[in-house]
Amino acid sequence: MSKLLNVSSSPHVRDQVTTQNIMLDVAIAMIPASAYGVYQFGVKAALILLISVLSCVLSEYVFEFLMGKPITVSDGSALVTGMILGLNMPPAIPLWIPFLGGVFAIIVVKQLYGGVGQNFMNPALAARCFLLISFAGKMTDFTYSDAVSGATPLAALKAGEAVDITSMFIGKISGTIGEVSVIALLLGAAYLLFRKVISIKIPAAYLITFAAFVFIFGQHDLMFVLTHLCGGGLIFGAFFMATDYVTSPITPKGQILFGVLLGVLTGLFRLFGGSAEGVSYAIIIGNILVPLIEKISIPVAFGKEGK
Amino acid sequence: MGLATFKGGIHPYEGKELSENKPVQVLQPKGEMVFPLSQHIGAPAKPLVAAGDQVLVGQKIGEPGGFISACVISSVSGTVKTIEPRMVANGSMVPSIIIENDGKYQTVDGFGKERDPKTLSKEEIRNLVKEAGVVGLGGAGFPTHVKLTPKDESKIDTIIVNGAECEPYLTSDYRMMLEEPESIIKGLNIILQLFDNAKGVIGIESNKPEAIKLMTEFVKDEPRITVCPLQTKYPQGGERTLIYAVTGRKINSTMLPADAGCMVDNVDTVISIYNAVAKGIPLIRRIITVTGDAIANPQNYNVRTGTSYTELLEASGGFKTEPEKVISGGPMMGQALFNFNIPVTKTSSALTCLTIDEVACNAPSACIRCGRCVKVCPGNIVPQMIMDAAERSDMERFVKLNGMECCECGCCAYICPARRPLTQAFKEMRREVAASRKKA
């Protein structure tokens, strides 16, 4: 025998799915929403997406290079963060803001906590919240193309105005680049579910709880509930951000609990809070509670029931 | 209605097509035979022969070294060369009796003497099984006569014949179900003779439709025996998952199948019981699959224990491509071998020769908490958290998170997209915990 045999411990075979495939699937799932955003808001939207992706990927590369850590850019997680961040930007934003957001997301929220898998908050969402607080005016300026009026459906709803639900489904409304078209988002969500990248647990628990909350504490009106479900990045948040592996519970029961918590928090923020939105803040707060949720939801081992 | 199964598990590449249509061939060994004195769980056997002694086929050369122990029987006739430590599949050195095979296969008196099991008492049956050195041939090697003697035999209500064969590449049990269905039924009937309140169930995975069909036909006139088709899913043939699939009862790591009123025996074990009791043939052979993409001619063999793996490889035409890894057993739970100068023992099941080793090809990366390990774990534990405890060498947390409930099936490590060696780390940690408990 010309070379030594490999003698590692079992199992000796592995599944095909890798971290890279998973991240690629998530990126693919965001293509419909991205494409629609560019179609709706023009070349500027494409530029915003490009800059936030580049900002995230470069930040990761530069930080890891400077720290002498292994470069993990090829795993695709920075790409995904960049896409989520870009899709969370209003189309009128100055280009330096998504750039700053990318740097914050990757360096402050991800790398300073130890890199991929170690961050306790969704980097893109944490960056969005950081930007919302720091540049409130620019982050809520929803004018686009020919200075079409700015109010988002939820802001209009809050102000007591009528909202057209069909336009919300298609995406003919104001909002951030990625959140406007419910159909495009559901297409991506279906892809993620089909590829088994995400399970339905978190989004279902989230959306059902939220709908029930809004029905009970809102106007006891199904159209009102439907408008809330379609608006303000809830669909985007439920399928693409709340399901983030790193910052959501790993236990099956914990995932349901997490979804319920997000539903309640989002309902609270939207109905009783100051801003029309609430998804980002709800998810960020949910992220912080994940360790606790996991602790109380560890499954009972096989054959240890009733012991 | 779906097929009987359990929660969790994986669907690895099966690889069974390489050898499933290859009828079992008898392989007659040449030269030196090696009989390790420890081919079972429990105390090693004590040698009954010394260098220079002449031995015959079927002669007892080692006697049980304790309550949980088994005899070692010579599978050839010849001369005892020496007794010395030899390497076995797991890489450890085990005191072994080395016999020079004279190629005559002369047998001891009474070898092959047929008996009608119905005329035998329970005591006589158990004794015949014990004297034949029968142990569980599924891999663990638990002495069968001990298993057949539970504390309260009236509580055993289900005897499960494990024909799941869920480990990828392995086809030996499948071949035996096709080629010796009668021996399986007769063997099972002998076990049922010991347990008056029990019924027999033959569990077979749905990827073996021919075996299900044939066995179902053979149990038609057996009032106490049924065939239970199982969903094809690894580790369907694990003791805990199999009992659950067949009866809906759950046992944990500290319980025995008997605690759930069950007994589980592998297909080849049941045939060995039949051979020992009804045909007067002790356990001197086993069925082995030689397979994998590196082997020239994948094949199933009826091999005498003590034969060197080298002979098995030669009989299969050697390697057509250079192997990356050669495994005693299957790719999920088998032992990677250092070399092939290792004897076939009672617990050998296959020689799987793989050209690629994905465990070694991909460096592990950071956990992304995808939760796939939680989904596939048949033990319903959280491998991700237990891995964290194992990496910190935190024994207390490891135990608290049910790390000792791990059955080392390998599902979590198989599925991990970051290629983290979960099962491997758990094995290490479980050994450490067990060692520290022994000390205390």
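Me: In which helix does B:Ser172 lie?

Reply: This is a predicted model, in which local features need pLDDT of at least 70 and side-chain atom pairs count only at pLDDT 80 or more, while totals for chains, interfaces and linings use all residues. Residues are numbered from 1 along each chain as its sequence is written, chains are lettered from A and ligands numbered from 1 in the order in which they are written, and side-chain values use heavy atoms, with hydrogens and water left out. Helices (H or I, at least four residues) and strands (E, at least two) are DSSP runs, numbered from the N terminus. The element of chain B that holds B:Ser172 is helix H3.

Me: Is B:Ser172 buried or exposed?

Reply: A residue is buried under 20% relative accessible area, exposed over 50%, and partly exposed in between, with a 1.4 Å probe and protein chains only. B:Ser172 has a relative accessibility of 3%, and therefore it counts as buried.

Me: Which residues is B:Ser172 in contact with, leaving aside its neighbours within four places in sequence?

Reply: Contact means heavy atoms within 4.5 Å. With those neighbours left aside, the partners of B:Ser172 are B:Glu165, B:Ile287, B:Ile288, B:Thr289, B:Asn300 and B:Ser349.

Me: How many residues of E14(B) are buried?

Reply: Both faces of E14(B) are covered. On one side B:Gln299, B:Tyr301 and B:Val303 are buried, and on the other B:Asn300, B:Asn302 and B:Arg304 are buried. The count of buried residues in E14(B) is six of its six.

Me: What is the bridge partner of B:Thr289 in E14(B)?

Reply: E14(B) runs parallel to E1(B), joined by three bridges, and antiparallel to E13(B), joined by six bridges. The bridge partner of B:Thr289 in E14(B) is B:Asn300.

Me: What is the average twist from one strand to the next in the open sheet of four strands in chain B?

Reply: This sheet has the order E11-E10-E9-E12, with parallel pairing. Its edge strands are E11 (225-230) and E12 (262-266) of chain B, each pairing on one side only. From one strand to the next, the twist averages 25°.

Me: How far apart are the C-alpha atoms of B:Ile156 and B:Ala260?

Reply: B:Ile156 is in the loop between helix H2 (144-147) and strand E9 (158-163) of chain B. Its relative accessible area is 1%, so B:Ile156 is buried. B:Ile156 and B:Ala260 are 104 residues apart along the chain, and their C-alpha atoms are separated by 8.0 Å.

Me: Which residue takes a positive phi in the hairpin of E7(B) and E8(B)?

Reply: E7(B) and E8(B) run antiparallel and are joined by nine bridges. Their hairpin has five residues between the strands. The residue with a positive phi, near 90°, is B:Gly91.

Me: How many residues does the largest nonpolar core have?

Reply: A nonpolar core is a set of buried Ala, Val, Leu, Ile, Met, Phe, Trp, Tyr and Cys residues joined through side-chain atoms within 4.5 Å. Those with the most contacts inside the largest core include A:Met30, A:Met89 and A:Phe236. Apart from it lies another core, of 45 residues, among them B:Ala132 and B:Met176. The number of residues in the largest core is 79.

Me: What area do chain B and chain A bury between them?

Reply: Buried area is the accessible area (1.4 Å probe) that two parts lose on being put together, summed over both. Here 60 residues of chain B are in contact with 42 residues of chain A. Carbon and sulfur atoms hold 56% of the buried area, which is about 4600 Å².

Me: Which residue of chain A meets B:Glu405 in a salt bridge?

Reply: A salt bridge is a side-chain nitrogen of Lys or Arg within 4 Å of a carboxyl oxygen of Asp or Glu. Across the interface of chain B and chain A the rule finds three. With 3.7 Å from N to O, the salt-bridge partner of B:Glu405 is A:Lys304.

Key:
Two strands pair if DSSP finds at least two bridges between them. Axes are lines fitted to C-alpha atoms, for helices over the stretch in contact, and angles run from 0 to 180 degrees between N-to-C directions.
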